[in-house]
Amino acid sequence: MKHLKTQVAIIGAGPSGLLLGQLLAKQGIDNIILERVTGDYVLGRIRAGILEQGFVDLVREAGVAQRMDTEGHVHDGFEIAVNGESTRIDLKQLTQGKTVVCYGQTEITRDLMEAREQADLQILYETSEVKLNEVKSDKPFITFEYQGETYRLDCDYIAGCDGFHGVSRKTIPEDKRTEHERVYPFGWLGLLSDTPPVSDELIYCKSERGFALASMRSETRSRYYLQVPLSDSTDDWSDDKFWDELKKRLPAEAAERLVTGPSIEKSIAPLRSFVCEPLQYGRLFLVGDAGHIVPPTGAKGLNLAASDVSTLYKILTRVYRDGDTDCIDQYSAIALRRIWHGERFSWWMSNMLHDYGSTAVSDMEAETFDRFMDSELDYYLHHEEGQKVIANQYVGMPYEELR
Ligand code: APR
Ligand code: PHB
């Protein structure tokens with residue numbers, strides 16, 4: 001068996017693991033990342049790309065912001081269209097100056113991978129049989145297979161950044177964790193194309209045919225989504241069928257402007273709300289998708305991962321700089337408070353904008369329910385107080401400081 005040693009072992013080279021690793025390295029805290037797949041495979045995943053200010057600040061602090069700052073686009077607002085009638089949520093005005101940045105998660109991941117390579121920091125790709133051991137002791141260690149050999153990695157702390165399907169969360173005994181989950185009765189079919197976006201701001205559309213979202217990656221690359229039944233597969237959706245359906249769900253003037261073209265990626269993602277409590281067990285911390293999932297409607301997935309990273313980074317900096325190990329117990333409560341805000345907002349936005357089909361027991365009840373929904377939309381879209389609720393959550397709740 002080969003032996004390795006580090007201060008913080010990080011499982012997973014997604015945005016959470018890479019960002020945490022970069023920040024810790026800046027503080028002189030040694031870390032090694034173990035990743036199950038290849039770097040190219042990680043970069044092949046198409047994910048969202050709306051960054052809150054807190055995320056942007058963190059990437060700057062990590063010293064990896066150069067491309068994001070030149071190629072990312074600041075968005076001062078976005079649109080919500082209901083049955084073709086569009087309302088602009090003016091983020092900047094409603095939040096007294098806050099905005100978001102549009103820059104793809106894939107690009108952030110690429111920038112972080114390059115920075116890590118340049119700094120000569122270790123990522124072991126294609127590790128298998130990763131097992132977390134003695135995480136309740138002060139000498140945890142990880143065992144794994146790498147390039148045909150068995151390894152043991154000794155460390156002080158473990159950051160479980162290995163996504164929803166990773167091993168870290170499952171290391172916490174079942175009777176020591178509670179998993180809250182809601183699975184939604186539809187999915188999002190996403191299409192990426194090298195076509196100019198239909199608008200320079202995002203358009204979230206509620207229509208009688210279901211939800212749609214017009215998003216983008218750059219001035220020449222668009223990302224669109226359609227709400228589809230979970231029983232659908234991408235084979236059911238030719239490019240032509242996708243574009244036709246999108247046109248029917250967009251407001252008319254946007255549909256007229258829409259430039260279509262061949263897809264370069266198409267996939268269906270289920271929608272899920274999920275939170276594991278607590279996010280900490282001994283010297284193991286769950287970060288990002290390993291501990292929680294949101295439906296994508298509020299653009300919160302990556303941003304909640306970033307606030308976890310920020311909290312853990314502050315804790316580990318204090319541990320190694322001041323020798324204060326008591327502060328580690330704050331992680332779960334601080335992270336979860338913000339996560340539940342993001343969970344609630346994402347669930348609520350999803351409820352408000354998607355078609356769930358009727359569960360009413362009579363026509364009258366269905367009609368009453370429609371009135372409730374109309375009134376909710378009217379309040380949140382057509383009154384300033386309502387718009388402020390959406391805007392303040394969309395730009396993100398503030399990060400909490402350690403006690
Ligand atoms: N060993 C090592 N690595 C693993 C293991 C394992 N057993 N299991 C999973 N991984 C890796 C995955 O291959 C993946 O690269 O962990 C990484 C987790 O990355 P993500 O799933 O991207 O999770 P995270 O970094 O927390 O990013 C959160 O991703 O899904 C979006 O909405 C989410 O934008 C948010 C972001
Ligand atoms: C995306 O661009 O992929 C995207 C943007 C906003 C969302 C979800 C996805 O709410």
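## Ligand 2 and its contacts

A polar side-chain atom of Tyr225 sits 2.5 Å from an oxygen atom of ligand 2. This is a predicted model: local features need pLDDT of at least 70, side-chain atom pairs count only at pLDDT 80 or more, and totals for chains, interfaces and linings use all residues. Residues are numbered from 1 along each chain as its sequence is written, chains are lettered from A and ligands numbered from 1 in written order, and side-chain values use heavy atoms, with hydrogens and water left out.

Tyr204 also meets ligand 2: an N or O atom in the Tyr204 side chain is 2.7 Å from a ligand oxygen. Pro296 uses its backbone instead, with an N or O atom 2.7 Å from an oxygen of ligand 2. The protein covers 99% of the 280 Å² of accessible area that ligand 2 has on its own (Shrake-Rupley method, 1.4 Å probe). Strands β16 and β17 are the elements that give two or more residues to the shell.

In total, 13 residues surround ligand 2, and Ser215 and Arg217 are among the closest (a residue is near if one of its heavy atoms lies within 4 Å). They divide into 9 nonpolar, 2 polar and 2 charged. Here Ala, Val, Leu, Ile, Met, Phe, Trp, Tyr, Cys and Pro count as nonpolar, Asp, Glu, Lys and Arg as charged, and the others, Gly among them, as polar.

## The sheet

An open sheet of 8 strands runs in the order β7-β6-β15-β16-β17-β14-β18-β21, with mixed pairing. Its edge strands are β7 (85-89) and β21 (292-293), each pairing on one side only. Strands are DSSP runs of E, at least two residues; helices are runs of H or I, at least four; both are numbered from the N terminus. Two strands pair if DSSP finds at least two bridges between them.

β14 (178-193) and β17 (222-228) pair in the antiparallel sense over 7 bridges. Ser193 stands opposite Ser222 in β17.

## Ligand 1

Around ligand 1 there are 23 residues; Ser16, Glu35, Arg47, Gln105 and Asp289 come nearest. The side chain of Ser16 places an N or O atom 2.7 Å from an oxygen of ligand 1. For the Arg45 side chain, the distance to a ligand oxygen is 3.0 Å. The protein covers 90% of the 720 Å² of accessible area that ligand 1 has on its own.

Helices α1 (15-26) and α10 (301-322) each supply at least two residues of this shell. By class, the shell has 9 nonpolar, 8 polar and 6 charged residues.

Terms used
A polar contact is a pair of N or O atoms within 3.5 Å; within protein, one must be able to donate a hydrogen and the other to accept it, and residues adjacent in sequence count only if both atoms are side-chain atoms.
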